[in-house]
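Here is a walk through one protein model, taken a step at a time. Keep the structure in view as you read.

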Amino acid sequence: MRTTFSIRRAALVFTAVGALALTGCGGDGDGKKKTDDGSGKGTDSASTVTLPKLDGENVSVAAVWTGPEQENFTKVLDEFEKRTGASVTFVPAQDPIINFLGTKIAGKQPPDVAMIPQVGAVQQAAAKKWAKPVGAEAKAQLEKNYAQVWQDLGAVDGTQYGVYFKAANKSLIWYNAAAFDNAGASEPKTWKDFLTTAETVSASGVTPVSVGGADGWTLTDWFENVYLSQAGPEKYDRLAQHEIPWTDPSVKEALATLAELFGKPELIAGGADGALQTEFPASVTQTFTGGDQPKGAMVFEGDFVSINIAQTEAKIGTDAKVFPFPAVGADSPVVTGGDAAVALKETKGAQALLTWLASADAARIWAGAGGFISPNKGLDLKAYPNDVQRTMAQALIDAGDDVRFDMSDQAPQSFGGTPGKGEWKILQDFLKNPKDIAGTQKKLESEAAKAYKS
């Protein structure tokens, strides 16, 4: 049986002031990182956590992060090494990470710690008895620095297993400011206005929307934002736990809304076929290269988009701007995701690393590098490199226990987190044929029913 969690049932929305702050802000001007990178010259170099001496100990950490994310996480691990004397090895993992960890455990070579990006996968690791409970020191950091919801997300049957180190605001649309200016387009606040803006940009000669459809998780995020705003938080929670079927009329309504975009291939960079061949990083970089003639003028995804924007010459706040996902119903949605550190070995090094990752010190290092939002309320917002990220981080912290976690990440991994299968594959098929709403619902329900029984 799959263990579920419950959180306070309330919607999280941006206020008008928050939305204005999000879209109208830029960087610090000097571009310097005001953070602790281990040099002692950060915003607040005073240590907030005590770690044991681990001279001679080897600690391995598995994660699916690559490229800039891996590089930034390595900086966090480097500082852990300096403070403890341990030697840390990063182990590249593949999605689905549960399958990857299963092979490692079967071969008697599990990593000490794994960064797990799905709530359902944390629950599976606990159910398989792979995960080890969080120790007292890490628990103390969690209680000090985290809202209860983030503690609950890492717990199974009342036992704490996960430390949510990295979070994400997954309800943002980033846009090429020059392309918008040339088209005379403005930031939309509703779904209807969003479609109108897309048509306006298209009329200027630029394809309006870039979609990374080769990565099925981006399509689940599209669905979840539309569904949360349109159906409301109570329905969202029920569908997330499969308490209502995917054949429910609310799912039909959300898919029909998505079809208003997906059904117009001229509004999507490369059309449906092109989108299905475009991986998420490319969906971002092609939005912010080519000056005012990019392959796509807008791209939807979370705060972590800034990592990929940094690989272009575009500057966040001037060339690259952002607005909240448009309201389909009464309010704009805010969906969050996150990566939890879970110990897979009963070692002093594994527990020390969990304690480190639950601290504000560890969060401060990656925050300064950008492309990161922390649920750690002990982190000084000055650590973030620009006002855009500060605003997104503040919205997450201010939400407290009212966040809505990514729906597919709550599902069993076979349904909500496996490339080429389940929800990922079905929504890719839907992108290619958005007229088949009933067929899509039947496939989703069939796959969900099998996954939730396992």
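Helices H2 and H16 cross in a right-handed way. This is a predicted model. Helix H2 covers residues 67–84, and helix H16 covers residues 360–369. Two packed helices are described by the angle between their axes and the distance between the axes. Here the axes come within 9 Å and cross at roughly 145°.

Look at the residues that make this contact. On the H2 side they are Glu 69, Asn 72, Phe 73, Lys 75, Val 76, Glu 79 and Arg 83. H16 brings Asp 361, Ala 362, Ile 365, Trp 366 and Ala 369. By class, the contact holds six nonpolar residues, one polar residue and five charged ones. An α-helix has 3.6 residues a turn, so residues three or four places apart point the same way.

Stay on H2 for a moment and find Asn 72, which lies in this helix. Is Asn 72 buried or exposed? Asn 72 counts as buried because its relative accessibility is 9%, and the cut-off for buried is under 20%. Setting aside neighbours within four places in sequence, Asn 72 touches Trp 366, Ala 369 and Gly 370. Trp 366 and Ala 369 are among the H16 residues of the helix contact.

Now turn to the open space in the model. The largest pocket holds about 920 Å³. It is lined by 36 residues. Closest to its centre are Val 64, Trp 65, Glu 69, Asp 95 and Trp 217. Glu 69 is also one of the H2 residues in contact with H16.

Which element gives the largest share? H9 does, with four residues. The lining of the largest pocket has 14 nonpolar, 13 polar and nine charged residues.

Asp 95, one of the residues closest to the pocket centre, has another feature. A cis peptide bond joins Asp 95 to Pro 96, with omega at about -10°. Pro 96 sits in the loop between strand E2 (87–92) and helix H3 (97–106). Most residues other than glycine have a negative phi, and most peptide bonds are trans.

Next come the cavities. A search of the whole structure finds three of 30 Å³ or more. Helix H9 (216–231), helix H13 (280–285) and strand E9 (298–300) each supply at least two residues.

Move on to Tyr 236, in helix H10 (residues 233–240). Tyr 236 is buried, because its relative accessible area is 0%. Beyond its neighbours within four places in sequence, Tyr 236 is in contact with Glu 224, Tyr 227, Leu 228, Val 335, Arg 404, Phe 405, Asp 406, Met 407 and Gln 410. Trp 246 is ten residues from Tyr 236 along the chain, and their C-alpha atoms are separated by 11 Å.

Helix H4 (residues 119–127) is also worth a look. Seven of its nine residues are buried, so H4 is largely enclosed by the rest of the structure. The buried ones are Val 119, Gly 120, Ala 121, Val 122, Gln 123, Ala 125 and Ala 126.

Just after H4 comes Lys 129, with a positive phi of about 65°. Lys 129 lies in the loop between H4 and helix H5 (136–145). At 67% relative accessibility, Lys 129 counts as exposed.

Finish at Asp 157. Its phi is also positive, at about 50°, although Asp 157 is not a glycine. Where is Asp 157 found? It is in the loop between strand E4 (155–156) and strand E5 (159–160). Asp 157 is exposed, with a relative accessible area of 66%.

Terms used
Residues numbered from 1 in each chain as written. Predicted model: local features only at pLDDT ≥ 70, side-chain atom pairs only at ≥ 80, totals over all residues. Heavy atoms only, no water. 1 Å grid on protein atoms, 1.4 Å probe; cavity = no way out; pocket = protein on both sides within 12 Å on 5 of 7 lines; lining within 4 Å. Points joined across faces, edges and corners; volume = space filled by probe spheres on them. Buried < 20%, exposed > 50% of the residue type's maximum accessible area, 1.4 Å probe, protein only. Contact = heavy atoms within 4.5 Å. Axes fitted to C-alpha atoms, helices over the stretch in contact; angles between N-to-C directions. Left-handed = near helix turned anticlockwise from the far one by under 90°. Nonpolar A, V, L, I, M, F, W, Y, C, P; charged D, E, K, R; others polar.
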